[in-house]
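Here is a friendly briefing to read alongside the model. Please keep the sequence and the 3D view open as you go.

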Amino acid sequence: MNAYDSDFLAQSLINDGFVPVDTPEQADVILINTCVVRAKPEQKAYSFLGRVSAIKAANPQRFLGIVGCLAQLKGAQLLKRFPQLDLVIGPRELCRFPDILKRIDHPSGKIVATGLNSSPPGHAPCQGYFHEKVSGYISIMEGCNNFCSYCIVPYVRGREMSRSPDEIVAEATNLLSEGVKEITLLGQNVNSYVWQGQGNKRWAFPDLLHDLSRLGGLMRLRFVTSHPKDLSDDLISCFGAIENLCPHIHLPFQAGANRILDLMRRGYTREDYMALIQKLRAVMPGIAITSDVMVGFPGETEEDFDQTLDLIHQVRFDSLFSFNYSDRKGTIADKMGGKIDEMTKASRLNTLQTIQQGITVEKNKELEGKDVEILVEGGSKRKSQLSGRTDTHKIVNFVGNDSMIGNLVKVNIKRSFSNSMWGELI
Ligand code: SAM
Ligand code: SF4
């Protein structure tokens, strides 16, 4: 989501005549996009802001802005702590950035924009911006209405607001005309996407998927994130029915014990979650399933943690994003008793990650000797190699030539590792 917002800002700047540079020292305008979902990214944002403030001090003509969720959370307080800042703008006010930009040349004081009611930013297409990219993102909705007890997102990104299908299709058409082959639709909970059109026409998320899948040149369509409580049978049946919809779903479960899921206010039980996994695998047997999970939620006992491990063993996720629970001020969980100490959290996270690593390695190994189709994204980290992804989102490196970038090629998997695979072109 932040990468998408940064692209919006970069395109707005380029459209206004700015050119990208490689380092903050060379820049006339510096915008720092921030995340506060856990304490760590928040700390990183502060330290980066400190460094860049020193660069601005060396040349006060520079324009320095902080955008995103830290800007929303702290607002004008940031101007006191970092007097070098000219602009503080929250995620829901980004749509105002092109207007604010006009004032950059004629500074009329500091700007703080942290309203939460504006629409998500419309796209600011900039010819050539995605020219060399194979994959692109489109945000289909902003905000979240769920208020999971640990989560700060609804407070900093506001309530859910969907974008119109016309706007989304126009943005997708533009990406495809630039040469993008794969589009990932973004939202905190894409399953609750809804748009009421003229008359009785209403779009739910599966309708949007069907509309987009028909766009010429779209090789692969993906989406993230789905909330288990809103994963409908209609959406599940899109897998297999929509040819270019990739067989991969990211379905965060967060915890394996019903007691913790209830405290988290997730709105489903582990049994509900397991039933969804069964349905998904019945519709599409080879579907890749990835997820988010947290350890050390307030009150989490060893038995609760064992339930999380048990769910991981049962589902056998392709991969997992796993986090230590982190207190976020203002959330319901922040005020809960039974906080888990950092050592216990670290040890639980380590146990969980070791188990998942083993499962990921085993699942990747199952692909050895098999032929897979990959969308070639570009050069791999090693020179003279190319890198791409399977439709199940696994990275495959192989030797090929640059003309393959942006195309689907068949590769035989020779070796598998924990984060990638090595293949040979067929
Ligand atoms: N909307 C998505 C969902 O409901 O699954 C997730 C969005 S959140 C930005 C990404 C992930 O961060 C969550 O799935 C959760 O695992 C993690 N997360 C959110 N709040 C957290 C917190 N206070 N401490 C640790 N991890 C957290
Ligand atoms: Fe946060 Fe829950 Fe909304 Fe996801 S669904 S963004 S975890 S409140």
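Helices (H or I, at least four residues) and strands (E, at least two) are DSSP runs, numbered from the N terminus. This is a predicted model, in which local features need pLDDT of at least 70 and side-chain atom pairs count only at pLDDT 80 or more, while totals for chains, interfaces and linings use all residues. Residues are numbered from 1 along each chain as its sequence is written, chains are lettered from A and ligands numbered from 1 in the order in which they are written, and side-chain values use heavy atoms, with hydrogens and water left out.

**Ligand 1**

- The shell around ligand 1 holds 16 residues, where a residue belongs if one of its heavy atoms lies within 4 Å of the ligand; the closest are Gln 188, Pro 252, Gln 254, Asp 292 and Ser 326.
- Strand S13 (288-295) and strand S14 (319-324) each give at least two residues to this shell.
- By class, the shell has seven nonpolar, five polar and four charged residues (nonpolar: Ala, Val, Leu, Ile, Met, Phe, Trp, Tyr, Cys and Pro; charged: Asp, Glu, Lys and Arg; polar: the others, Gly among them).
- Polar contacts (pairs of N or O atoms within 3.5 Å) include one of 2.7 Å between a polar side-chain atom of Gln 254 and an oxygen atom of ligand 1.
- Backbone polar atoms also take part: one of Tyr 150 is 3.0 Å from a nitrogen atom of ligand 1, and one of Ser 326 is 2.8 Å from a nitrogen atom of the ligand.
- On its own, ligand 1 has 560 Å² of accessible area, and the protein covers 90% of that (Shrake-Rupley method, 1.4 Å probe).

**Ligand 2**

- Residues surrounding ligand 2 include Cys 144, Cys 148, Cys 151, His 227 and Arg 266.
- Tyr 150 and Gln 188 also belong to the shell of ligand 2, which divides into seven nonpolar, three polar and one charged.

**Backbone notes**

- Most residues other than glycine have a negative phi, and most peptide bonds are trans.
- Phe 147, another residue around ligand 2, has a positive phi near 50° and sits in the loop between strand S6 (141-142) and helix H6 (153-157).
- The peptide bond from Val 224 to Thr 225 is cis, with omega near 10°; Thr 225 is in the loop between strand S11 (220-224) and helix H9 (233-236).

**Helix packing**

- Helix H13 (residues 302-315) packs against helix H14 (residues 342-365) at about 15°, with axes 10 Å apart (lines fitted to C-alpha atoms over the stretch in contact, with angles from 0 to 180 degrees between N-to-C directions).
- H13 is therefore roughly parallel to H14, a term for angles under 35 degrees.

Conventions
Polar contact = N/O pair within 3.5 Å; in protein donor to acceptor, adjacent residues only side chain to side chain. Parallel < 35°, antiparallel > 145°, perpendicular 65-115°, else oblique.
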